[in-house]
Amino acid sequence: MLSDDIIITGQRAIARSYAKINLTLDVLGKRDDGYHEVEMLMQTVSLFDLVIVDKTNSQISISTNLRFLPNNERNIAYLAAKEFFKYTGINGGCKIMIHKNIPVAAGLAGGSGNAATVLCALNMLYNTNLSIDELCGIGLKLGADVPYCIIGGTALASGIGEKLTPLPPLPKCTVLMVKPAISVSTGSIYEAIDNAEIKERPDTSAMIAAIKRGDINAVASGLVNVMGSVTENMHPIVRGIRRKMIKNGALGALMSGSGPTVFGIFPDYKTAKLSHDSFAYQFREVFIVSTL
């Protein structure tokens with residue numbers, strides 16, 4: 001649970017906002033409201049942004065270590081604070097500072113995690129005692145991944161991502177993540193999926209069974225993301241990274257979310273480090289992390 005990673009010191013909350021990866025991602029169809037029905041197995045990993053929230057008397061302010069990120073209502077973490085005060089009716093404020101380590105627009109729910117962290121931090125700072133369901137309800141207004149980021153861990157997400165079923169945690173394993181220097185529009189991927197012939201879908205029930213028995217090899221061999229082939233056709237570099245990871249000894253490799261980050265599950269740290277070094281000369285954002 002995200003709130004377990006928040007430390008309160010006086011009027012300040014200090015938190016780690018973790019990245020997620022998709023062990024599976026299936027798009028079941030488009031709804032009348034324009035959203036897509038999905039079924040995803042999500043997993044928290046140890047790469048995190050540092051989020052500091054200070055309680056103030058009025059107004060919301062936000063700053064980050066990245067110049068290109070907005071410091072106003074275009075930032076989802078700012079919107080999270082606004083929605084919190086709107087929901088609770090509190091006439092208060094906060095100062096939000098975010099040190100980004102998670103790549104931006106990468107399929108890792110970095111922004112959604114920041115929003116989730118701000119909601120949980122404000123709930124603690126203002127002693128509002130909002131339930132997990134209430135926090136997830138506010139989070140869903142901000143983005144489909146925000147409720148999962150509040151829950152964290154290993155979980156099945158369905159609906160548009162808001163229906164969450166927690167699962168037993170995966171055994172701790174080493175994961176290598178590589179983010180190429182390209183941008184992928186989630187909207188364009190969903191658009192392409194509506195007209196794409198999907199040749200391989202994940203076997204979600206088999207993956208859940210593998211997770212429950214702690215079988216990392218079965219989990220690694222069951223990694224499937226229906227967005228993968230669509231994104232790889234648009235950006236062949238993504239396919240190249242995934243195939244190289246397998247060649248480098250990954251038990252399995254997959255693109256996370258709509259991409260472009262690719263992750264591989266490795267049998268041990270040493271094999272992951274050798275693979276890391278083979279990517280690091282070409283890509284700036286390469287990380288060795290572990291599942292949480």
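**Close-up views of a predicted model**

Gln59 is exposed, with a relative accessible area of 65%. This legend, like the others here, describes a predicted model.

**View 1. Gln59 sits in a loop between two strands.** The strands on either side are β3 (36-56) and β4 (60-64). Have a look at the backbone here: phi of Gln59 is positive, near 65°, although the residue is not a glycine. For context, most residues other than glycine have a negative phi.

**View 2. Asn127 also has a positive phi, near 50°, and is not a glycine.** You will find Asn127 in the loop that links α2 (110-125) to α3 (132-142). Its relative accessibility is 59%, so Asn127 counts as exposed.

**View 3. Gly259 and Pro260 are joined by a cis peptide bond.** Omega is about 5° at this bond. Pro260 belongs to the loop between β10 (252-255) and β11 (262-266). As a reminder, most peptide bonds are trans.

**View 4. Strands β6 and β7 form an antiparallel hairpin.** Residues 154-159 (β6) pair with residues 163-166 (β7) over 4 bridges. Ala157 stands opposite Leu164 of β7. Between the strands there are 3 residues, and Gly161 in this hairpin has a positive phi near 120°.

**View 5. Helix α5 packs against helix α8.** The axes of α5 (residues 186-194) and α8 (residues 226-234) lie 10 Å apart, at an angle of about 105°. That makes α5 roughly perpendicular to α8. From α5, Ser188, Ile189, Tyr190, Ala192 and Ile193 meet Val226, Met227, Val230, Thr231 and Met234 of α8. Sorted by class, this contact has 8 nonpolar, 2 polar and no charged residues.

Key:
Residues are numbered from 1 along each chain as its sequence is written. This is a predicted model: local features need pLDDT of at least 70, side-chain atom pairs count only at pLDDT 80 or more; totals for chains, interfaces and linings use all residues. Side-chain values use heavy atoms; hydrogens and water are left out. Axes are lines fitted to C-alpha atoms, for helices over the stretch in contact, and angles run from 0 to 180 degrees between N-to-C directions. Angles under 35 degrees count as roughly parallel, over 145 as roughly antiparallel, 65 to 115 as roughly perpendicular and the rest as oblique. Contact means heavy atoms within 4.5 Å. Ala, Val, Leu, Ile, Met, Phe, Trp, Tyr, Cys and Pro count as nonpolar, Asp, Glu, Lys and Arg as charged, and the others, Gly among them, as polar. Two strands pair if DSSP finds at least two bridges between them. Buried means under 20% relative accessible area, exposed over 50%, partly exposed in between (1.4 Å probe, protein chains only).
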